[in-house]
Amino acid sequence: MTFDGAGRQLCRCRRGGCAICIVDLVEGEVEYNRTVAEEVLSEEDRRQGACLSCRAVAVTDVTISLRAETLRTVNPLMALYSAAKPTG
């Protein structure tokens, strides 16, 4: 994995190898038109509703839930905005 100067993980894989894009499938069905390694997404993970958003192809309408531990800021300016935004 690659990290930037602030310790944030950079996503360069785009092929299902790093699992940074893992989300929970709440509703619907997906399939994979390419093999996904068992080490990245196990059968147990799939049964529990996990899917790789970079590789999953929706077969039906789907609803997903993002995992907070894998969220990252795509636009660095948003990180500055979030840090400067007053709380409460």
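This note goes through the predicted model point by point, from the overall fold to single residues.

1. Basis of the values. Because this is a predicted model, local features are given only at pLDDT of at least 70 and side-chain atom pairs only at pLDDT 80 or more, whereas totals for chains, interfaces and linings use all residues. Residues are numbered from 1 along each chain as its sequence is written, and side-chain values use heavy atoms, with hydrogens and water left out.

2. Overall fold. The chain holds two helices and seven strands, where helices (H or I, at least four residues) and strands (E, at least two) are DSSP runs numbered from the N terminus. Read along the sequence, their order is β-β-β-β-α-β-β-β-α. Of the contacts in the chain with a separation of 6 or more, 68% are between residues 24 or more positions apart, a contact being heavy atoms within 4.5 Å.

3. Surface and burial. The accessible surface of the chain comes to about 6700 Å², and 51% of that surface belongs to carbon and sulfur atoms; accessible areas come from the Shrake-Rupley method with a 1.4 Å probe, and for residues only the protein chains shown count as cover. Of the 88 residues, 20% count as buried, with buried meaning under 20% relative accessible area, exposed over 50%, and partly exposed in between (1.4 Å probe, protein chains only).

4. The nonpolar core. The largest nonpolar core has ten residues, among them Cys-21, Tyr-32, Val-40 and Cys-51; such a core is a set of buried Ala, Val, Leu, Ile, Met, Phe, Trp, Tyr and Cys residues joined through side-chain atoms within 4.5 Å. Strand 3 (22–27) and strand 5 (50–52) are the elements that give two or more residues to this core, and strand 5 gives the most, with three residues. Leaving aside residues up to four places away in sequence, Cys-21 touches Cys-51, Leu-52, Ser-53 and Cys-54.

5. Two salt bridges. A search of the whole structure finds two salt bridges, each defined as a side-chain nitrogen of Lys or Arg within 4 Å of a carboxyl oxygen of Asp or Glu. In one of them, Asp-24 pairs with Arg-67, with the closest N and O atoms 2.6 Å apart. This pair links distant parts of the chain, Asp-24 being in strand 3 and Arg-67 in the loop between strand 7 and helix 2 (76–84), 43 residues apart. Asp-24 is partly exposed at 23% relative accessible area, and Arg-67 counts as partly exposed at 22%. The side chains of Arg-47 and Glu-44 also meet in a salt bridge, at 3.0 Å from N to O; because they are three residues apart in helix 1 (residues 43–47), they are separated by about one helical turn. Here Arg-47 counts as exposed, at 59% relative accessibility, while Glu-44 is partly exposed at 38%.

6. Val-57 in strand 6. Val-57 is placed in strand 6 and is partly exposed, with a relative accessible area of 35%. Although Val-57 and Glu-31 are 26 residues apart in sequence, their C-alpha atoms are 5.3 Å apart in space. Not counting residues up to four places away in sequence, Val-57 touches Glu-29, Val-30, Glu-31 and Asn-33.

7. A nonpolar surface patch. Val-62, Ile-64 and Leu-66 form a nonpolar patch on the surface, with about 250 Å² of accessible area together. Patches are made of residues with over 30% relative accessible area and no salt bridge, like charges being joined within 9 Å and nonpolar side chains (Val, Leu, Ile, Met, Phe, Trp, Tyr) within 5 Å. Val-62 lies in the loop between strand 6 (56–58) and strand 7 (63–66), and counts as partly exposed at 35% relative accessibility.
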